[in-house]
Amino acid sequence: MSVLEAVTDSSAVRARLDDDRTIAWLFVAPALVLLGLVAIYPFAMMIYNSLFDFTQAGRMDEFVGLANYVRVLTDGRFTSGAVFTVGFVLVVVTAEFLLGLGMSLLIYSEFVKRRQIWVVLSLPPMMLSPVVTGLTWRMLLTPEYGMVNHLLGIEVAWLASRPWSAVAVVVADVWMWTPLFVLVFTATIQSIPAVYYEAARVDGMSRWQQFKWVTLPQMRTAIAIVLLLRVVRAFKVFPKIQVLTLGGPGSYTESIAMVTYNYGFRFFDLGRANAAGVLYWLLMFVAAYLIFRSVAEDLISPGGEG
């Protein structure tokens, strides 16, 4: 290579490195590599493994194609787990959203002083692990010495009867994750400029109209983010149910995560467990996509106003 060619090549490389798009990709590259190692590669292997049968020793046996998916979809336990999981997600996320929004509006109303203290006091349930939360509510709901039955003056087998076992799981999850909505929503409400409300009052808006036309639009990005986070997290519910009800009575409160776990670690059917995991992921993806389309799409699209 001549000196002229070397200089030309170095100039081209320098010009390439000065390009904003190249610099952006260089900064993103480590995160993409990490994402590929911890997420994309394991998911690709799960899809690959779902096409094979496995021995009881965990060794890959014969290629079975889509047979594992057929076995999963025709298993009543998986379909009931899917129905329970979807219902659980809809109920807990809706309850947490409404309670979190209501508590945030109450904290930042004119009737409440020392608002930061109330926000901090709402956080401890969110800081606990799901296992500790499950154990706490298991003690509270125990028929013999639980505080809930004692305070209400009733005798209900919360963890061993229908529909109370599902109610117990929902209550424990709502208690644990409502503080997340309170934290995000109070921070968002606090960041809304006061001049917006002053202009609204000058225009003669009522409190409801201020909430509808000022507060909610300013909270839209926060609502979209926290809903996406909670829906994905709620779909993965497992340890809380494992501690509270073990999926019972029967399989009444089994989630998809529990069914997938049982395929792999109780029945040692790794092919079916991988197929259930793929279907499980697809269900979460569809739910997240629907929320994104309905709430968050125009916030980040080129034509959006956000």
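Modeller: In this predicted model, contact means that heavy atoms lie within 4.5 Å of each other.

Biologist: Leaving aside neighbours within four places in sequence, which residues is Phe185 in contact with?

Modeller: Phe97, Gly100, Leu101, Ser104, Met219, Ala222, Ile223 and Val226 are the residues in contact with Phe185 once those neighbours are set aside, so each of them has a heavy atom within 4.5 Å of one in Phe185.

Biologist: What makes Phe185 a member of the largest nonpolar core?

Modeller: Phe185 is one of the 61 residues of that core, and therefore it counts as buried, with under 20% relative accessible area, and is joined to the set through side-chain atoms within 4.5 Å. Together with Phe78 and Phe88, Phe185 touches the most other members. Helices that each supply at least two residues of this core include H4 (76–107), H9 (164–191) and H11 (207–235), and H9 gives the most, with 13 residues.

Biologist: Why are strands E1 and E2 called a pair?

Modeller: Two strands pair if DSSP finds at least two bridges between them, and E1 (residues 52–54) and E2 (residues 60–63) have two bridges in the antiparallel sense, so they meet that requirement. Phe54 has Met60 in E2 as its bridge partner. The two strands form a hairpin with five residues between them, where Gly58 in the turn has a positive phi of about 85°.

Biologist: What is the helix content of residues 174–197, where the UniProt record, an unreviewed entry, places a transmembrane region?

Modeller: That span is 92% helix and 0% strand, with its end C-alpha atoms 31 Å apart. Residues 117–137, also listed as a transmembrane region in the UniProt record, are 81% helix and 0% strand, with end C-alpha atoms 25 Å apart.

Conventions: Residues numbered from 1 in each chain as written. Predicted model: local features only at pLDDT ≥ 70, side-chain atom pairs only at ≥ 80, totals over all residues. Heavy atoms only, no water. UniProt positions renumbered as here; feature names shortened; annotations may be inferred. Helix = DSSP H or I, 4+ residues; strand = E, 2+ residues; numbered from the N terminus. Buried < 20%, exposed > 50% of the residue type's maximum accessible area, 1.4 Å probe, protein only.
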